[in-house]
Protein chains: 2
Amino acid sequence: MSRTRVVDAGETILAEHGEASVVGNVIAGVMRMTKTLLDGRQQIVGLVYPGEFFGRPYSETTEFAYEAATDVEICVIDRRAFESVLARHPELEHALLLTTLSELAFARERSLLLGCQNTLERVASYLLVMLERRRQLLSGAALESHKLVAVSAISRRDLAGYLGTTIETISRHVHYLSRRGVIRIINASHFEVLDRDELLALSGLAQDDLKLFGAVRVVAMPFGRPVLTIINGAARSEDRVF
Amino acid sequence: MSRTRVVDAGETILAEHGEASVVGNVIAGVMRMTKTLLDGRQQIVGLVYPGEFFGRPYSETTEFAYEAATDVEICVIDRRAFESVLARHPELEHALLLTTLSELAFARERSLLLGCQNTLERVASYLLVMLERRRQLLSGAALESHKLVAVSAISRRDLAGYLGTTIETISRHVHYLSRRGVIRIINASHFEVLDRDELLALSGLAQDDLKLFGAVRVVAMPFGRPVLTIINGAARSEDRVF
DNA sequence: CGCTCATTTGACAGAAATCAAAAGCGGTGG
DNA sequence: CCACCGCTTTTGATTTCTGTCAAATGAGCG
C-alpha cells in the first residue's frame, strides 16, 4: 500500500491549498510546512522530523505546503487508503489522536514564541529545543552530559522563516550569545551549550514549557520501514506496528 | 456525569501547568487560553467559543491556562470519565480527532498571522474572521448580505493579547480603516464592513485561507445541554449525541 | 452629576527589518 | 596545492514599525 520516495531539498511534496492526496512519514531528513501571503512573504508553520507523520487526513485539500527542507526520504500512502486503515484499526486512530493533541499543544506553544518573545528569546528557545531533541535521540548512556551540543538540521534561511525573523537577526543573536559565553559556535549549524541555565533564563520560558518538547510527537504508522519511535521521551528503535 | 457551571469573567477554570482535571464545552460566553512567560508577558494562544470543546484529554497536566474572557456558562466532566466514554465510543473519538485536526490547522494559520503579518494585517484578518463567524451563526436566509457586521465578543485587552499587539495599536488601525472607508465603527466591539474585498486585500491573505474558518470546529459532546453545532459551515441547533 | 474605567490620541524610544558591503566557506579545475 | 567562483554568513548603517509612556477624551453607571 505504501511506497518510499526520495525527494531533493526544495522540492514540494504537497502544495498549499492543493489536493491532500497522500499522507506519510519522514524516514530521513527534514520537511517544512509553509504558508505564503499573496505578496510572497512566507512563514514556516512547522517542521517534520524523521519518524514524524505528515499530511492532512480527513480533508480534500491541504492548508499549507509540505516541502523538503533537506533531501528527504519519505514513506507515502494514499490518504483515502490510510483513512480506511484507521477505520479498521481504532487503536491506530487513537494513536493518531494522541499525536495530534501533542502537535496542537506544540503549535500553540509556538504562538507564545511568535506572539510575545523577542528575537533573542526565540533563538534561545530554539537552541534549547534542539538540545532537548538531541538528548532524546541519544539514549541516556550514550549521552555525555558535558557535551551539550545543539544541532540545527535546517538552513539558516529556514530557521529564520521558522522563528519569524531574518538571517541577519539570527546571526547577531547567535554571536551575542557566543560573546556572553552562553554557547560556543562550532560552525553555522552546531553550537555547544556552555550554560543551559542561562540560556533558559534568556528564553523567558518556564521550565515546564520545555516538557512539551518531550511529549509524544511520533506515531508509528502501519507502513514504511522501521523508524525510530519516541514515546514520552524514551527512545526505542526498530518499532513497527504491522 | 457532567455538570453545568457559571464562571465570572476573569476567573480561571484550569491553571497553566496545573492538573488537567476536567474537560468540557462552552455553552455561552468566551474562554481564553493563555500562556505566560516568567516575567509576566502573556499571550492568548486561543479562544473558545460557544459549542466548542476545551481541556486537555490524555494528559495529566495542562499546557496553558483556561480562563473566562467573559462571563461563561460551561459544561464540565471529569477528564478520566470522558476518556473512558471515548474508549467505549470510537465514533466519538473519531469526531474528536476531526475537531483536533481542524484546531491544529487553525493554530498553524495563526503562526502566519503572528509570524509575518504586520499589525494592520492582523486587525484586518481578525475582522474578516469575525465576519465569517457571524455569517455562519446566522443562517443563510436571516442574513442580509448588505449588513456585514463584524462583532468582537472579547475585550480590547484580550483582542490585543490574541493578536500579539497592544490596545493602542489596534485602536490606531481600526480608526485608519474607518478613515479609509473600509469599515464603519458602530461602537468599540461592532464594526460594519463596508468593503470586504478591500479588507481581504489589506489582510494579505489568500481567499483560500479564510475557508479554514468555516471548517469543523465544534464537536458535539455526549454531555451538557444542547448546544449549537456547526458542521462545515452549516448551522444546526439542538443537536445532541446522547 | 461626578466617578471610574476603557478608549483614543500624541510624542517618543527601541527593536528589528532592510539595504548594502565585506568576509568566510566549499567546491572545482587548472 | 592553490586560485577562482558562487553561495552563505557576518557586519555595518539606516529606516520603519510598533511598543511604551502620558495625557485627553469618552462611555457607562450609581
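This is a predicted model: local features need pLDDT of at least 70, side-chain atom pairs count only at pLDDT 80 or more; totals for chains, interfaces and linings use all residues.
Let's start where the chains meet. Chain A puts 46 residues into the contact, and chain B puts in 46 residues as well. Together they bury about 4300 Å², with carbon and sulfur atoms giving 66% of that area. On the chain A side, Leu37(A), Leu97(A) and Arg108(A) are the trio to look at: they supply 15% of the area that chain A buries against chain B, more than any other three residues.

The interface of chain A and chain B holds eight salt bridges. Arg41(A) is in a salt bridge with Glu121(B), and the closest N and O atoms there sit 2.5 Å apart.

Which elements of chain A each supply at least two residues of the side that touches chain B? They are strands E4 (31–36) and E5 (42–48) plus helices H2 (90–116) and H7 (207–211). H2(A) gives the largest share, with 21 residues. By class, the side of chain A that touches chain B splits into 21 nonpolar, 12 polar and 13 charged residues.

Finally, step inside chain B. Helices H3 (residues 119–137) and H5 (residues 167–179) of chain B pack at about 70 degrees, their axes 10 Å apart, so H3(B) is roughly perpendicular to H5(B). H3(B) brings Thr119(B), Leu120(B), Val123(B) and Leu127(B) to the contact, while residues from H5(B) include Ile170(B), His173(B) and Leu177(B). This contact has seven nonpolar, three polar and no charged residues.

Terms used:
Residues are numbered from 1 along each chain as its sequence is written. Chains are lettered from A and ligands numbered from 1 in the order in which they are written. Side-chain values use heavy atoms; hydrogens and water are left out. Axes are lines fitted to C-alpha atoms, for helices over the stretch in contact, and angles run from 0 to 180 degrees between N-to-C directions. Helices (H or I, at least four residues) and strands (E, at least two) are DSSP runs, numbered from the N terminus. Angles under 35 degrees count as roughly parallel, over 145 as roughly antiparallel, 65 to 115 as roughly perpendicular and the rest as oblique. Contact means heavy atoms within 4.5 Å. Ala, Val, Leu, Ile, Met, Phe, Trp, Tyr, Cys and Pro count as nonpolar, Asp, Glu, Lys and Arg as charged, and the others, Gly among them, as polar. Buried area is the accessible area (1.4 Å probe) that two parts lose on being put together, summed over both. A salt bridge is a side-chain nitrogen of Lys or Arg within 4 Å of a carboxyl oxygen of Asp or Glu.
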